[in-house]
Structures are given as C-alpha cells and as structure tokens.
Amino acid sequence: MKYYLGVDTSNYTTSLALCDEEGRIIKNCKKLLPVKQGEKGLRQSDAVFAHTVNLPIVAKELGTADITAVGYSAYPRDIEGSYMPCFLCGKAYAESLAALLDIPVYGFSHQRGHIRAALYSAGAEELLGKEYLAFHVSGGTTEILHVKDGAIELIGGSRDLTAGQAIDRVGVMLGFSFPCGAELENECKRVTSPIKPKISVKGLECHFSGLENLAKKLWVEGGANGTRKKVAAYTIEFVLMTLDKMTENLTALYPGLPIVYSGGVMSNKKIKKHFTDKYNAYFAAPEFSSDNAAGTALLCLDKYKRDVL
C-alpha cells in the first residue's frame with residue numbers, strides 16, 4: 001500500500017498525517033507547542049524552535065510507511081504575500097524528505113488544508129470541485145471564503161482580533177492554560193442562560209476586539225466568586241452570535257450554497273450544534289477542526305492523482 005504524507009507546522013501545533021491510496025486517513029499525529037502559563041501566545045522564533053524539537057517526536061509516533069509523495073503547509077492563506085515563519089519548518093522537513101526519497105513534494109496553504117480536512121471529516125467530499133462557502137475560524141484566522149472551481153476567494157471576516165485570539169485572551173484572564181478553548185467550553189457547560197452580548201457585525205465583517213474588554217468588565221464587576229462560568233459562557237455566546245449573524249447575512253447573499261465550517265474554534269460542541277441545527281452546515285470532527293495535517297495529506301493525494309496518475 002502506498003501512502004501520502006501531510007506536514008503542517010502552524011503557530012501552535014506540529015502535525016503529521018498519512019492517507020492511503022483510497023483517501024482514508026490512516027494516521028493523524030500532532031503535538032501542541034508549549035506556551036508558558038499566563039502567556040497569550042508564542043513569538044514566531046519560539047514557534048520555530050518548538051517545531052524543530054517536536055518534528056522528530058511526532059515522526060516517531062507516525063511510524064514507518066511507503067511514502068509516495070509529500071505535501072506541506074507552505075503559507076497561511078491563498079492570498080498574495082501570505083507568510084508566517086513557522087511554516088518554514090514544515091517546508092524544510094517535507095522537501096528534505098522528498099529529496100532523500102526522490103518523490104514529489106507539494107506546497108499548499110494551511111487554510112486549504114483545514115477546508116480539505118473538514119470536507120473529509122464531514123463526509124462532504126462530493127463538494128470538491130464545486131461551489132460552496134467556508135468559514136475558517138481559529139486562533140490565527142476568522143474568515144469567510146467563497147470556493148469555486150478550486151479557487152478560494154476571501155469575502156468577509158474579522159476586522160481586528162480573530163475569534164480564537166479573543167477566546168484565548170479571555171481564557172488567560174480567567175487563569176486557564178493557553179490555548180483556552182477547551183477549558184472555556186468546559187467551564188460554561190452548566191450555564192443555561194448566558195448574558196446576551198451586544199455584538200458588532202456589518203454585512204460579512206465583524207469585530208471581536210470589544211469582547212475582551214466586555215468580558216473583563218463582567219469579571220471585575222462580579223468579583224471572582226461564581227463569575228468564571230458566566231464570563232466563559234458570555235464569551236462563547238458572543239462568538240456564536242457573531243458567527244450566526246454573519247452566516248445569516250452570508251446566506252442572504254449566496255442563497256442555496258452549502259456551508260463548511262473549519263478551524264479550532266468550530267470544534268466547540270455548542271457552536272457546532274447551533275449551526276448544524278440551524279443551517280444544516282458541514283462540520284469537521286474536533287480532531288479535524290483543530291490544526292492538523294490530515295487535510296494536507298489529502299491535498300497531496302489529490303494533486304498526485306492529477307499530475308502523475
């Protein structure tokens with residue numbers, strides 16, 4: 001059996017994945033980059049160092065395989081000038097391996113890998129090559145995309161902080177470990193009636209910068225006792241309502257087109273249930289929503305089939 005390797009070195013996760021000739025993900029291995037308690041993220045130089053340490057560890061977990069081609073995340077998004085130093089680690093690893101094995105190597109955007117993984121996980125691969133809409137909502141990106149004939153067009157998103165950045169900033173304020181999404185979700189599970197926030201959405205664009213200040217105000221005014229859950233629930237509700245309003249506006253502009261949600265923020269169970277119920281949208285499973293190399297492995301297989309087979 002031949003296998004196709006995906007490599008992704010995002011700002012917070014080192015990921016390697018294998019898919020087989022039938023397009024099935026066989027291995028999906030990942031390791032978070034360490035972030036010190038109280039910190040709200042990583043400098044790129046620290047991320048590059050951490051990937052250098054992590055790659056051999058994740059490769060050992062992946063194991064051996066007869067690799068036919070390698071794909072890697074070369075840059076963040078499908079736009080001119082998109083660049084982030086941490087992706088150089090994956091590029092160096094993938095191109096070195098390909099040179100040693102004398103096999104093809106392909107570079108893709110991190111964002112395209114997210115969307116491909118979401119289509120795979122949601123059982124929506126029939127959308128490949130067709131027209132659809134996609135949300136990419138994570139720590140690094142909050143964007144609305146129009147996908148047609150394989151091309152990705154940016155049509156909306158946040159004008160300041162990403163949803164993931166806002167969540168992590170509130171989470172760190174509450175004393176959670178970075179990244180904070182999972183702890184924040186767990187904290188607000190028993191809140192049945194969160195405070196309804198005032199969101200900022202105009203058309204297909206939004207603002208998340210106010211969320212941090214509003215959550216801080218709620219936290220300070222309420223005192224520490226018993227308000228952590230309320231602040232957590234308020235934060236998730238703010239993100240949910242913002243994305244919901246943007247989706248309402250999106251469906252008015254592009255009626256009838258399928259919608260795919262990807263990115264780590266969309267692994268939140270409450271958010272997923274809301275959009276699945278209301279819009280019958282496509283969602284990735286949590287392990288394919290957060291940063292991973294599975295989509296990149298599948299993109300590698302897709303391109304190899306087009307170019308070689």
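Predicted model: local features only at pLDDT ≥ 70, side-chain atom pairs only at ≥ 80, totals over all residues.
The lining of the largest pocket comprises 14 nonpolar, 18 polar and 11 charged residues. Two or more lining residues of the largest pocket are contributed by each of strand S3 (25-32), helix H4 (163-173), helix H5 (181-187) and helix H8 (269-279). The largest share comes from H4, which supplies five residues. The volume of the largest pocket is about 1100 Å³.

The second largest pocket has a volume of about 360 Å³. It is lined by 20 residues, with Arg112, Leu128, Gly150, Leu299 and Asp302 closest to its centre. Strand S5 (105-109), helix H3 (110-121) and helix H10 (294-307) are the elements that each give two or more residues to the lining of the second largest pocket. Of these, H3 gives the most, with four residues. By class, nine residues of this lining are nonpolar, four are polar and seven are charged.

Salt bridges were examined next. Side chains of opposite charge can pair when their charged atoms come close. The whole structure contains 19 salt bridges. One of them joins the side chains of glutamate 95 and lysine 91, with an N to O distance of 3.0 Å. Both residues belong to helix H2 (residues 87-101), and because they are four residues apart, about one helical turn separates them. Glutamate 95 is partly exposed, at a relative accessible area of 33%, and lysine 91 is likewise partly exposed, at 32%.

A salt bridge also connects lysine 278 with aspartate 244, whose closest N and O atoms are 3.0 Å apart. This pair links distant parts of the chain, since lysine 278 lies in helix H8 and aspartate 244 in helix H7 (residues 228-253), 34 residues apart. Lysine 278 is partly exposed, with a relative accessible area of 42%, whereas aspartate 244 is buried, at 11% relative accessibility.

The closest N and O atoms of aspartate 277 and lysine 273 are 2.7 Å apart. Elsewhere, salt bridges with shared partners join Asp244, Lys245, Glu248 and Lys278 into one network.

Key: Residues numbered from 1 in each chain as written. Heavy atoms only, no water. 1 Å grid on protein atoms, 1.4 Å probe; cavity = no way out; pocket = protein on both sides within 12 Å on 5 of 7 lines; lining within 4 Å. Points joined across faces, edges and corners; volume = space filled by probe spheres on them. Nonpolar A, V, L, I, M, F, W, Y, C, P; charged D, E, K, R; others polar. Salt bridge = Lys/Arg side-chain N within 4 Å of Asp/Glu carboxyl O. Buried < 20%, exposed > 50% of the residue type's maximum accessible area, 1.4 Å probe, protein only.
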